[in-house]
Structure formats: structure tokens, C-alpha cells
Amino acid sequence: MSDLTHPPRFAVFGQPITHSLSPRIHRHFAQGLGIALDYQAIEAAPEQFPATLARFAEHGGVGANVTLPLKEQAAGLCLELSPAARRCGAVNTLVRRDDGWFGDNTDGIGLVRDLEVHLGLALSQRQVLLLGAGGAARGVVPALFEAGIAELVVANRSVERARALAHDLAACGPIQVCDWQELDQAGAFDLVLNATSAARQGVALALPPSLLTAESCAYDLSYGDSARPFMEWAMQHGAGRVSDGLGMLVEQAGQAFLVWHGLRPDSAATLAWLREP
Ligand code: NDP
């Protein structure tokens, strides 16, 4: 049990990690619910991660988030995985049990909750375009189908990776692969998700305006400067709604908080606080 002098220990692991908003988000959740916790950001290179995580557990660590580039590695360090983590082969939430780590993945539910709760977008029967086929893209596909989307089209810089995603996740629902160069023939979508990391490398995505109508929602999974180019493109070409992925970040954290503490935090309050100028 926790007390105020020795609150339970949590952490986020990644590399780099200094930019992570997770400590601020979890402390804000905890403050709102009157829960004491110790949540730190811990830098770990992939080769150090197993030992760093073991040390964290030895020193009382009971839960952790995992971010780039450690999510797939974290799945391999778990004794048991949730269905969501097993499907995408990546873990962003760790729970310490007596015999080892339990791994979950809350990215998909985080995206769906942001779209439905904060942006008011009903996902049922929607046509969705997913740009990217990396870890984040894989993490959100099952949750999108569980939320009732009608069809998913995936386009990725390397089309082989999009094909692998469509193959591996075929049981979730109908997934079509589109060559990036043929996106101008793909028609318009209710929801266009950018799950690429192109902007982080300063690369602008070449996208045809025909993907969007005034009814479309364009959503970038990243936030801050990385989300700006895609959001500006979508606004210039008439998307009805445009959003970055800050709400997804808060909601995936909210789901992890629920797993650890059994309480759902006031994510809307935390999101509003993070967006304050
Ligand atoms: P990965 O490294 O696993 O995948 C990167 C993806 O971006 C791949 O599909 C890759 O294509 C594509 N890509 C990279 N560079 C380019 C480029 N120059 N042009 C076109 N496509 C490119 O990263 P993740 O999937 O883990 O993360 C993707 C994004 O999602 C990141 O920006 C991350 O911050 C964000 N994210 C946000 C979360 C949130 O809570 N809001 C949670 C998780 C991720 P290819 O296969 O051809 O290399």
C-alpha cells in the first residue's frame, strides 16, 4: 500500500526521454484524484533496458510506461501480455506482478478515446486512411476496428511494410494497401491518420488534396512541431476537423493510470492544462 512518505514508484523508459510529457501527465492525474505517486523519466538505451528495468523493480517500481525505441523489446521482457499488446507485438504499459511484468498496449484505446470523447467523432462505419505502418500504426489498427470502422486503407513509404501490417492484422477487419503514388486515385476518407514520423526528420509528406472533404477529420498522431506540417496541409485543403495527437497521448496515459490505480483520471482537465499557453 502507498503512503505519503513512500509513494509507489512509476516511470517512463525511452531514449531520448527528457522531452517526455508522461511525468507531468501522471502527476497531474494523481493530483486531481488525491493519489500520491512517484513518477520519473528514465533514459535507457536498448542494450541497457533489461538491466535498468530489473533495477527499477528491485527498488520498488510497480508500473512503467515504455516509449521509443523500446516498445517491442518491452514485449519480450514480459511474462504475460494483454490481447492488445500481443496483437501488435509492442508494450507501452508495464505492470509489476509477483512473478514478473505484465505488458499492455494502451495506444489504440488512447487514439479511439481522443477521437470519440474529445473530438466527438463517431467511428462506426467510417472509411479510414492510415499513413504509416510502424509500431504506432500497428498499435491503433485493432482498436479502430473494435470501434466499428468500416474499412481501413494503409499507405506507407515502403509498401512491403504496409502489406505486412495488412497480413498480420487481417483478423481485425478489411485492410486494403494503397501505394503512396496511387493515393490520388484512392478517393476521400472520413478520417486520415498520419502515423508516420516523417516530420521529425523534416520531411514533408506528398499527399493529394483529393483525400479530404469538408466532412473529413485529419489527425496527426504526433504533437508539437512534428504535427504542424500535416495539420497545415489538412487545413489548407479544407478538412472539416484537424487535430494533433496530444489527446491520444493523454488518453493512453489515462488508460495506463486506470490499469495501475483502478481509477480513471479526468483526462479532459489534464489535456486542457497541457494546452494552456
Ligand atoms: P516507427 O519508427 O515505428 O514508424 C515510423 C513510420 O513513419 C513508418 O511507417 C515509416 O515508413 C514512416 N516514415 C518515416 N520517415 C518517413 C518519411 N520521410 N516519409 C514517409 N514516411 C516516413 O514510429 P512509430 O510508429 O512508433 O511512431 C510514429 C509517430 O507516431 C511518431 O511521430 C510518434 O511520435 C507518434 N506516436 C504518438 C503517440 C501518441 O500517444 N500521441 C503514441 C505513439 C506514437 P517506413 O516503414 O517506410 O520506414
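Two strands pair if DSSP finds at least two bridges between them. Helices (H or I, at least four residues) and strands (E, at least two) are DSSP runs, numbered from the N terminus. This is a predicted model, in which local features need pLDDT of at least 70 and side-chain atom pairs count only at pLDDT 80 or more, while totals for chains, interfaces and linings use all residues. Residues are numbered from 1 along each chain as its sequence is written, and side-chain values use heavy atoms, with hydrogens and water left out.

View 1. Along the principal axes, the C-alpha atoms fill a box of roughly 60 × 40 × 35 Å. Of the 277 residues, 50% count as buried (buried means under 20% relative accessible area, exposed over 50%, partly exposed in between, with a 1.4 Å probe and protein chains only). Among contacts with a separation of 6 or more, 67% are between residues 24 or more positions apart; contact means heavy atoms within 4.5 Å.

**View 2. The open sheet of 6 strands.** Its strand order is β2-β1-β3-β5-β6-β4, and the pairing is mixed. β2 (38-43) and β4 (80-81) are the edge strands, each pairing on one side only. Strands of a sheet pair through backbone hydrogen bonds, either parallel or antiparallel. Within this sheet, β3 (residues 61-66) and β5 (residues 93-97) pair in the antiparallel sense over 3 bridges. G63 stands opposite V95 in β5.

**View 3. Strand β10 (residues 191-194) and the strands it pairs with.** Strand β7 (residues 127-131) runs parallel to β10 and is joined to it by 4 bridges. V128 has L191 of β10 as its bridge partner. Another 4 bridges join β10 to strand β11 (residues 217-220), again in parallel, and N194 stands opposite D220 in β11. In a regular strand the side chains alternate between the two faces of the sheet. Both faces of β10 are covered: L191 and L193 are buried on one side, V192 and N194 on the other.

**View 4. S243 in strand β12 (residues 241-243).** S243 has a relative accessible area of 6% and is therefore buried. Neighbours within four places in sequence aside, the contacts of S243 are L119, A218, Y219, D220 and M231. D220, one of these, also stands opposite N194.

**View 5. Two cis peptide bonds, Q15 to P16 and L68 to P69.** The bond joining Q15 and P16 has an omega of about 0 degrees. P16 is found in the loop between β1 (9-14) and α1 (22-33). For the bond from L68 to P69, omega is near 0 degrees. P69 is found in the loop between β3 and α3 (71-76).

**View 6. Q125, a residue other than glycine with positive phi.** The phi value of Q125 is near 65 degrees. Q125 lies in the loop between α5 (107-118) and β7. With a relative accessible area of 56%, Q125 is exposed.
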